[in-house]
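Reader: I would like to learn how to read a structure like this one, feature by feature. Please take me through it.

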Amino acid sequence: MSNAVLELRDVSKSYAGSPPIEVLKEIDLTISEGELVAIVGPSGSGKSTLLNMMGALDRPTSGEVLIDGSVVNGLRDPSLSGVRGRRLGFVFQQFHLLPGLSATENVATGLLYHGTKGRARKAAAREALERVGLGHRLDQKPGKLSGGERQRVAIARALLGDPAIVLADEPTGNLDSQTTAEIVELFLELNEQGSTIVMITHDQDLARSMPRVVEILDGQILDGADPADHDPADHDPGDDDLGDEPVESELEAADGDTNEDDAS
Amino acid sequence: MSGPNVKKLRSKLRIVDVVSQAVRGLTSRKLRTALTALGISIGIASLIAIQGITEANQADAKAEIDALGSDFLFITPGTGVGEEAELLPYASAMLETHIDELEYVAALYPVDARARRNELVPEVQTGGVTVSALTAADLDLLEPVNGSVAFGRFHDTTSVEVPSVVLGSLAADRLGIRHLIGHPTINISGTDFAVIGVLNEFEILNTDLNRTAIIGLGVADTLFETPDNPSAIYAQVPPEQLDEVRDIIPAQANPAAPGEVAVSRPTEALEIREVIDETFARILQALALIVLAVGGIGIANIMVISVIERRGEIGLRRSLGATRKHIASQFIIESTVLSLLGGLLGVAIGVSIVFGYARYKDFEAIIPWYWLSIGLAAAFGLGAFAGLYPAWRASRLDPAEAVRPAA
């Protein structure tokens, strides 16, 4: 418990509408220091919204989000931005590299909002690029890099400033299987070096290669889908009902017909 | 044991980075930046060029006024009622200092003769050249009228007694006299006159002299019919007595019909022209300001588009710790820098035009520093203002939505 870097307590999120759409339903989730967690679920399951909550990109309708043991969902914009910048690293499906900047300059933006001087930013950026295996591509612009290389640049950027946790939102969504495997390998490596990483994916096989898998469906975490769930004390009594869930979700999956078998 | 207190984690963006980010944002879209800045450039270049040209013209006019002296009077037979313009019957008397205050007087007498290149040219083809005569006493004519000789020389005491002629610039042009090599002559009503000099063009005042062929009165009297009275008198009066003298001149020059004597102060026309120039410049500058405003709208427009296009970038920056204020400042600074770039380009263009005009007109270039600073200040303010709304929109983007591709 003491080494929990990120905690969601009873987090729900609804979007206005008639009727309101409830995307997340009373989620409890703890990520401990040094973990590598895959959050897996089909599209529409609420996993992106979950990442928004974890990344302080959006606020929950109810419940609490704790980063480094402090509740952040009530913070005002400057503090919330500070938390994102200093304690979290993000990797996106679209990489979000700035086209006019070299790999080093792109990575250096990771420290831009820390008030770090330009030279120190670049030095840190070069180091991070070495770490992700792009030491030979420092001065290339994104246009000259392959998809896998671009994502490595984005990962290097997320690592800058030594965040408590790296949140990766479908990081392999735009990559072929070979490159995907390389990126997964990189995540495993970084995790071994001590980084705490949460990866969101819709790819069950990919998720299975991670030490811990959290499965989400219809805004709820499926019980038993998380073999590494080493914190049973956190479970609330409502969890007992979840025994029925897999059946339901199997039905849903059949409806959706884009999903593979339910992991159980 | 938890990590550092998250509430104390504040984002920080160095000022130098604010500016360099803005510059980066602009330089990575060069063509768009250049085209957008152009609107501002044209506005500011116009402001400066108009002012510079007007000031140069005014300085020139002022120099002309100073050279002539504002105490210079030009007396001609007015356009009388009914009859042909009367000459100035008592002018000769006046010339003999009836009016003590007239400090300097020179007169030109009309000559009823026609100037041609040679006898082969039909006599009716004068090309608008008129013939005037002056007395040996008026050899200093060029001084009060602020004239000068382009080539050759002006009349002297000898030349006024022989068939020789000094031509105004236009007269020389019409008669085909471009140099004095080979001692060219022109034919004035049957007699050949040696051309001894050509005057520089009178650009603003006394332009009548441009089309005049000036011969000596003695020769004119012998060869042609010449009235006893001059058709134009150039006089200089002490400034403090100007109004007074001006009032009594008509009665002195033509007591029978004082209403038919026109007394003008040529510099008056210049002064009026100055005022007109000034007014015209202001109107043009108002137009330039409108161009500038349109340029500002162009910037606002492009910035709004930029915010829409760069949604992902904004989301990324928010995820990297940028606060709303950071995002807003980025777009305001970008818009301001864009506008200032346009402003600087405009200043460069405007100043070049001012120099080019000065060179073309052979004036001294006057850089309108006041308008230059106004232009740059306007560019600055306009850029900042144009960036307000786009910056506000950018800062209100929901980071969670901005980081994902638009639906």
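Reader: In which sense do strand β2 (residues 104-110) of chain B and β4(B) pair, and over how many bridges?

Author: First, the ground rules. This is a predicted model, in which local features need pLDDT of at least 70 and side-chain atom pairs count only at pLDDT 80 or more, while totals for chains, interfaces and linings use all residues. Residues are numbered from 1 along each chain as its sequence is written, and chains are lettered from A and ligands numbered from 1 in the order in which they are written. Helices (H or I, at least four residues) and strands (E, at least two) are DSSP runs, numbered from the N terminus. Two strands pair if DSSP finds at least two bridges between them. Here β2(B) and β4(B) pair in the antiparallel sense, over two bridges. Tyr109(B) stands opposite Ala133(B) in β4(B).

Reader: Which strand runs parallel to β4(B)?

Author: That is strand β9 (residues 212-216) of chain B, joined to β4(B) by five bridges. In this pairing Ala133(B) stands opposite Ile215(B) of β9(B).

Reader: How do I tell whether strand β4 of chain B is buried or exposed?

Author: Count neighbours: a residue is buried if 20 or more other C-beta atoms lie within 10 Å of its own, exposed if 12 or fewer, and partly exposed in between, with C-beta atoms placed from the backbone. In β4(B) (residues 130-134), five of the five residues are buried, so the strand is largely enclosed by the rest of the structure. Both faces are covered, with Thr130(B), Ser132(B) and Leu134(B) buried on one side and Val131(B) and Ala133(B) on the other.

Reader: Which residues of helix α7 of chain B are buried?

Author: The general idea comes from helix geometry. An α-helix has 3.6 residues a turn, so residues three or four places apart point the same way. In α7(B), the buried residues are Val245(B), Ile249(B) and Ala253(B). They cover an arc of only 50° around the axis (taken from the directions from the helix axis to the C-beta atoms), which puts them on the same side of α7(B). On the other side of this helix, Asp243(B) and Asp247(B) are exposed.

Reader: How many residues of chain A are in contact with chain B?

Author: Two residues are in contact if their C-beta atoms, placed from the backbone, lie within 7 Å. By that rule, 35 residues of chain A are in contact with 32 residues of chain B. The elements of chain A that give two or more residues to this side are α2 (77-87) and β6 (88-92). Of these, α2(A) gives the most, with 10 residues.
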